[in-house]
Amino acid sequence: MSKLTKNQKLVADKVEAGKSYSLREASGLVKEVTTTKFDASVDMDIRLGVDPRKANQMVRGVVTLPNGTGKTVRVLCLCTPDAEAAAKEAGADYVGLDEYIEKIKGGWTDIDVIITMPSCMGKIGPLGRVLGPRGLMPNPKSGTVTMDVAKAVKEVKAGKIDFKVDKSGIVHASIGKVSFDAEKIYENAKEFVQTIIKLKPAAAKGTYIKSIFISSTMSKGIKVDPKSVE
């Protein structure tokens, strides 16, 4: 067994093994157990009682975190010329269409989110092999294919994130930064969990929220009592 570092020893006793904390307690505790010198992300992992292999038990959605994510999100808006000015004013980092499609074909993916219009999807569809594996493909379900691109850009810049349950039945998302005060972490975490609760599939049987853990980029996970969120 490897020896604990000085910082690890300082935080080792702050999280009691096997104990479930309230969401508010965990939101403060995650700040205390983080010892990184950089501003670490605060992450949530929620295990659901669903079978993602079945279409009627898929959990996918979007949520706008009340305090944002703390991250600088680089947005590319692929739109028609008449929508370019509004997209730029809304805060899009890159705006255009054909020139950026050619850049992506050439391997450029230095962006975090792509927002586009339904009329442009015919040109973007062939980019699926490049964008799909990177999670960049626009999708109407996540609000990134819309007629109102300016509104979509504003929402993403304000802290809107999309999430999807993975093959193991776990939903993972970054919901803030360790530099946030505990109350802001709590508010973001609560909004995220409650959104997932609202999306419970009718076909899901038994316990829906099986477990919740909150952690920072390099901290140990803190178990959260699901009943403290409902």
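## Aromatic pairs

Rings of Phe, Tyr and Trp (its six-membered ring) pair if their centres lie within 6.5 Å, with planes under 30 degrees apart counted as stacked, over 60 as edge-to-face and the rest as tilted. The model is predicted, with pLDDT of at least 70 needed for local features and 80 or more for side-chain atom pairs, while totals for chains, interfaces and linings use all residues. Residues are numbered from 1 along each chain as its sequence is written, and side-chain values use heavy atoms, leaving out hydrogens and water.

The structure holds 4 aromatic pairs. In one of them, the ring centres of Phe163 and Phe192 are 5.3 Å apart and the planes stand at 85 degrees, so this pair is edge-to-face. Because Phe163 lies in strand β6 (residues 160-164) and Phe192 in helix α8 (residues 182-198), the pair ties together parts that are 29 residues apart in sequence; helices (H or I, at least four residues) and strands (E, at least two) are DSSP runs, numbered from the N terminus. Both Phe163 and Phe192 are buried, that is, under 20% relative accessible area (1.4 Å probe, protein chains only). Tyr94, Tyr100 and Trp108 form one aromatic cluster.

## Packing of α3 and α7

The axes of helix α3 (residues 81-90) and helix α7 (residues 149-158), which are lines fitted to C-alpha atoms over the stretch in contact, come within 8 Å and cross at roughly 15 degrees. That makes α3 roughly parallel to α7, a term for angles under 35 degrees.

Ala83, Ala86, Ala87 and Ala90 of α3 meet Val149, Ala150, Val153 and Lys154 of α7, where contact means heavy atoms within 4.5 Å.

How values were computed
Axes fitted to C-alpha atoms, helices over the stretch in contact; angles between N-to-C directions. Parallel < 35°, antiparallel > 145°, perpendicular 65-115°, else oblique. Buried < 20%, exposed > 50% of the residue type's maximum accessible area, 1.4 Å probe, protein only.
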